[in-house]
Amino acid sequence: MTGRNSGVATRIREVAPEMRWTHCSIHREALAVKKMPDDLKSVLDSAVKTVNFIKSRPMNARLFHVLCEEMGSEHVQLLLHTEKAASV
């Protein structure tokens, strides 16, 4: 994907030279977890379980959306975090 000579990013840069490339946020998190202390990883795992619980049930997702709106939050929905991405 990001090869210097033939990757997608290189091909896009040929057409749009100002293009910036970055890892997706889930991939960056997975890379960071590799060197994370166990107690901090446990906190992250709890957060992932909470997000997945909210996203796994439509009613929970709707209630979360309403809660965020009532609190005046800028963001009102979550992205599902899969276990496969966490183990990269």
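Predicted model: local features only at pLDDT ≥ 70, side-chain atom pairs only at ≥ 80, totals over all residues.
Helices H3 (residues 38–56) and H4 (residues 58–70) cross at roughly 105°, with their axes coming within 5 Å.

**The H3–H4 contact**
- On the H3 side, the contact is made by Phe53, Ile54 and Ser56.
- H4 brings Pro58, Asn60, Ala61 and Phe64 to the contact.
- Sorted by class, the contact of H3 with H4 has 5 nonpolar and 2 polar residues, and no charged ones.

**A salt bridge in H3**
- The structure has 1 salt bridge, and the partners are Asp45 and Lys41, with the closest N and O atoms 3.2 Å apart.
- Asp45 and Lys41 sit 4 residues apart in helix H3, so about one helical turn separates them.
- Asp45 has a relative accessible area of 32%, which makes Asp45 partly exposed.
- Lys41 is partly exposed too, at 29% relative accessibility.

**The chain as a whole**
- You're looking at 5 helices and 0 strands in the protein chain, so from the N terminus on the elements simply read α-α-α-α-α.
- Of the 88 residues in the protein chain, 16% are buried.
- The protein chain exposes about 7400 Å², and 59% of that area comes from carbon and sulfur atoms.
- Take the contacts between residues at least 6 apart in sequence: 39% of them join residues at least 24 apart.

Methods. Residues numbered from 1 in each chain as written. Heavy atoms only, no water. Axes fitted to C-alpha atoms, helices over the stretch in contact; angles between N-to-C directions. Helix = DSSP H or I, 4+ residues; strand = E, 2+ residues; numbered from the N terminus. Contact = heavy atoms within 4.5 Å. Nonpolar A, V, L, I, M, F, W, Y, C, P; charged D, E, K, R; others polar. Buried < 20%, exposed > 50% of the residue type's maximum accessible area, 1.4 Å probe, protein only. Areas by Shrake-Rupley, 256 points an atom, 1.4 Å probe, with all protein chains shown as cover. Salt bridge = Lys/Arg side-chain N within 4 Å of Asp/Glu carboxyl O.
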